[in-house]
Amino acid sequence: MAEGKHKFGVFEDPAGGFRAVPVGFNWAAALIPWIWAVAKGHWGPALVLVVLDLILALVLFPIADLQSSVTVFRAVLAVGVGYYFGTHGNPWQADRLEARGFKFRGVIEALSAGSSVDLVRTGNATLVRHRALLSASAVTLVPKSLQPIAAIAALTWKAAFRFRLFWVLLFLLMVTVTVLPAVIKDDGTPRGFVQIMLTYTLSLMTVLLGFSTLWLACGTLARDIEECQMQVVATKPVARWQIWMGKWIGLSLLNLALLSIAGASVYFFLLYRASGLPAEQRAVLNNEIFVARGSLKEPMPDLKGDVDRIVAERMKLPEVAASVDRATLRMMTENQIKARHQVVMPGFLRQWKIDLGFLQDRLNKEQLFVRFKFFAAQTNEANLYRGVLKIGPSETPRVQKFDRTFAAETFHEIPLPMGMADEKGVLTAEFHNLSDTTMIFQLEDGYELLYRESGFGPNFVRGLTVIFCWLVLLAAVGLAAGSFLSFPVAALVSVAVLLVGLSGGTLQSVVEEGTVLGADHDTGKPINKSVDAVMVPIFRGLLVVVNVARDFSPVDSLSSGRSITWLSMGTAVVQIIGLAGGMFAVVGIYAFHRRELARTQAAS
Amino acid sequence: MTTSTQTQQTGGANSAAETVVAVRGLSKVFKDFWGRPKARAVDNVDFEVRKGEVFGLLGPNGSGKSTTVKMLLGLLNPTKGHIEVFGHSPRHVATKARIGYLPEESYLYRYLDSAETLEFFGNLFQLGSSERQKRAEQLIDMVGLSNARTRLVGEFSKGMQRRIGLAQALINDPDLVILDEPTAGLDPIGCREVKDLIVALAKRGKTVILSSHLLADVEDVCDRVVIYYGGKIQAYGTLQELLTNRDSMRITTPPLSRETTEKVLAIIRQDVNEDKIRIDNPTQNLESYFLGVVQRARQSAETSGATSGGKVAAYLAGEGEAPSPEAQTARLLERLTAPAATEESASAIPTQGTKPAESSVDVSRLDLLTKSPPVSPVQAASATTSPIVSSPAPSAEEVAKANDKLSSLLGGKK
């Protein structure tokens with residue numbers, strides 16, 4: 001196209017004169033859709049938009065808890081509506097002219113609509129009589145170089161719709177969202193209900209979409225190769241990596257759509273249920289679940305340094321060196337030192353000092369929550385243990401004292417008044433064990449301070465983004481397997497990879513204990529050292545890979561009202577999609593590139 | 001005769017023409033999981049395909065034709081040997097923009113309809129939306145699927161699937177078209193149309209590689225062929241070289257009186273033994289007869305299946321540029337009067353396979369032949385075509401008549 005020129009469809013008015021309609025994306029329709037629709041007399045689309053906006057503004061927005069969410073939803077909707085109006089705007093204009101009796105004369109390149117009409121009127125124009133140019137399907141924002149990838153991605157969508165897979169999955173997800181609340185048992189409190197609801201629905205959604213993604217990913221490539229469609233596609237000017245990426249993007253976008261619809265349903269369902277609760281229960285939910293809370297903990301003690309020092313000292317003793325190897329001694333020493341930090345004997349107390357740091361000014365003006373959990377060395381029938389928790393500057397009237405029985409193995413959350421830190425910004429807490437058994441406060445989640453960081457809506461979106469990252473990774477795993485294996489074998493291998501991923505706990509314990517087959521109870525030595533010598537490094541390597549994806553727990557965070565920060569979400573995108581997904585993508589693309597696509601049939 | 005010798009001999013005539021495909025020492029051995037050789041599908045094959053020719057890969061099932069085609073397309077890797085397509089490796093992505101491929105089966109997405117199928121493949125060639133839609137419309141019309149535009153490919157009959165497969169192979173207006181069994185599953189009308197299309201493509205300077213085991217397909221359209229058996233090339237050359245039987249001669253005339261026939265026979269008997277002379281009525285082939293019957297039936301009946309295709313898509317026929325009469329004439333003349341092959345370059349095919357059955361002249365039969373039997377309109381049309389004499393060149397009037405017929409078939413000149 002000549003510089004500065006655009007394409008216009010020219011229509012002739014039977015009563016005389018011409019009208020020109022631009023070809024391509026209509027930015028005015030995209031940016032101010034309903035104003036444009038009214039101005040151009042497209043009453044149908046304008047009416048639909050107005051009704052939709054009225055529902056959001058008059059029905060949902062007045063519900064206080066939904067305001068921020070409705071705002072987010074409207075923003076997302078605006079993007080979708082904008083794209084739809086942008087692609088359909090000019091075709092609507094053309095259709096409308098024809099409905100009024102105008103005759104299509106053709107498409108012409110000109111500097112403006114006016115000059116295109118002038119050119120046609122004076123007969124100095126070469127018109128292309130191709131009416132399809134003014135159809136919505138002819139309008140696209142995809143750059144030409146990405147056209148093949150976009151076509152392959154769109155093909156994945158088409159397959160999902162034509163085989164009704166999309167609707168079946170959506171139905172199952174909706175069943176999950178609507179039926180689960182009716183069948184799951186909770187502790188009877190709104191908080192318990194919401195926590196369980198979030199945990200179960202999000203987990204089930206992840207599992208459902210995870211398995212369907214693996215299945216689809218294995219099938220879309222392996223079956224295309226087995227059924228030979230790939231032989232036709234690969235003979236077109238599209239590189240193998242583009243085919244692979246097209247499939248990956250298509251599957252990921254499919255997951256994004258399903259996850260968004262199901263996630264939005266969960267979100268609005270929860271907020272809707274909460275809006276009917278009494279004010280004080282709503283306040284509890286708003287403080288503890290429908291919130292994104294940051295967490296402050298005591299800095300982790302330098303266990304490694306202590307362990308190294310003590311192990312070195314002990315190994316100098318000949319009797320120790322003779323009776324136990326270094327790895328075993330190290331493991332035992334580490335447990336002993338850890339116990340010093342975690343164990344609170346009967347009659348003893350444990351103190352935590354948390355520095356609010358640069359958040360001091362802000363957090364002194366906010367309500368904070370203390371969250372703790374302990375394990376009992378010897379459980380009693382009620383599983384309740386007495387203790388005294390003192391929080392705040394000691395020897396001052398501001399100190400808060402909670403003398404009561406606490407259940408073991410359960411998280412306890414206690415709201416604190418504002419301004420509990422001392423003048424240095426340190427918040428001190430003490431737990432005095434008044435029970436007759438030893439209590440264990442784990443270093444990881446024994447005691448922490450929670451504060452409000454942001455709203456639930458954005459946090460929920462960030463949580464879903466992390467889940468989406470997992471699904472993208474699973475798509476890469478399935479595609480990589482399908483790149484060099486037949487469909488059933490690829491599915492089997494993918495599920496095996498998933499199981500390895502889910503068994504991260506087992507891998508972790510093997511690596512921590514330094515043995516696969518376990519240790520002899522009497523001697524404390526590994527049962528089979530040679531097996532361990534081979535397997536433990538393998539497990540360690542697997543764990544590194546698995547942890548790239550497992551370091552994030554969005555479902556736990558959302559159900560406990562913890563913040564998933566933008567940084568954490570960004571890290572998830574980089575680690576899960578960029579690193580882990582990228583690794584599978586490289587393997588898959590290489591295998592697909594090397595594969596002889598006509599092999600199966602030719603060999604048969 | 002060895003393959004390499006043939007390559008040198010047949011390569012002489014058109015050595016100036018651009019080589020589109022060059023295959024040298026090509027072998028393909030399929031191996032099992034453990035790397036042990038299982039089957040030698042192609043064995044040390046050499047050939048070249050030049051620009052603008054219709055090149056046939058002929059051979060029985062399992063002879064290595066499809067394997068060769070798939071190596072040309074980069075779908076299989078050669079075990080040994082070298083392939084160049086437009087001077088590049090078969091895996092060179094940009095080169096594929098110049099190639100159109102119709103596989104031997106319908107390897108299309110069953111959940112797409114005709115228009116979506118062409119839209120998808122058009123996108124892979126990065127065609128603009130308007131060009132994509134224009135070509136899709138013309139191709140759908142050309143392959144006779146206008147009535148099935150929105151039906152899913154999975155619901156198509158085999159013949160209809162071949163038609164849409166052919167359309168996708170041509171969406172990019174390719175310079176090299178590789179057709180693997182293009183007429184498999186097509187009705188006789190479809191077969192004729194495909195063959196006409198191949199000729200039309202060749203007239204535009206496109207190169208066509210046709211793999212088939214249907215001898216009639218290859219004979220009708222190919223300039224040069226290789227004949228495969230057991231993964232090796234058994235024969236290689238132009239059809240003229242391979243098929244011309246220099247041991248006999250045929251003279252075709254309108255029906256003659258008994259007296260005239262006797263006179264002619266008497267003259268011939270002076271030079272040739274009685275048992276070497278054969279006289280009969282020429283018959284048209286079944287395809288021509290069938291097409292004539294359907295042509296008449298079409299005027300009075302309708303069908304819901306694939307219709308006869310429209311004319312060759314405008315962009316394939318040169319975007320409105322009518323083929324010049326000179327070019328048509330030259331091509332036809334070339335076909336009719338190709339220089340006789342030398343004894344050295346003659347085919348390796350046994351001559352008895354192409355010889356008409358020998359029979360001596362039977363007087364009673366001669367009686368029958370000299371009477372003018374009633375003929376059908378189609379036969380009549382066929383019979384009134386100019387007498388064909390094998391040796392002398394056809395007259396200008398004969399060339400013009402044949403040329404008109406070819407043009408009407410191609411939709412170029414009505």
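Reply: Of the 414 residues of chain B, 37% count as buried (20 or more other C-beta atoms within 10 Å of the residue's own, with C-beta atoms placed from the backbone). This is a predicted model, where local features need pLDDT of at least 70, side-chain atom pairs need 80 or more, and totals for chains, interfaces and linings use all residues. Residues are numbered from 1 along each chain as its sequence is written, chains are lettered from A and ligands numbered from 1, in the order in which they are written.

Chain B has 14 helices and 9 strands (DSSP runs numbered from the N terminus: H or I for at least four residues, E for at least two). Take its contacts (C-beta atoms within 7 Å) with a separation of 6 or more: 76% join residues 24 or more positions apart.

B:Glu181 has a positive phi, near 50°, yet is not a glycine. Its place is the loop between β6 (176-180) and α6 (188-203) of chain B. B:Glu181 counts as buried because 21 C-beta neighbours lie inside 10 Å.

A:Glu409 is not a glycine either, and its phi is positive, about 55°. A:Glu409 also sits in a loop, between β10 (400-407) and β11 (412-416) of chain A. Its surroundings have 10 C-beta neighbours inside 10 Å, so A:Glu409 counts as exposed (12 or fewer).

Methods. Contact = placed C-beta atoms within 7 Å.
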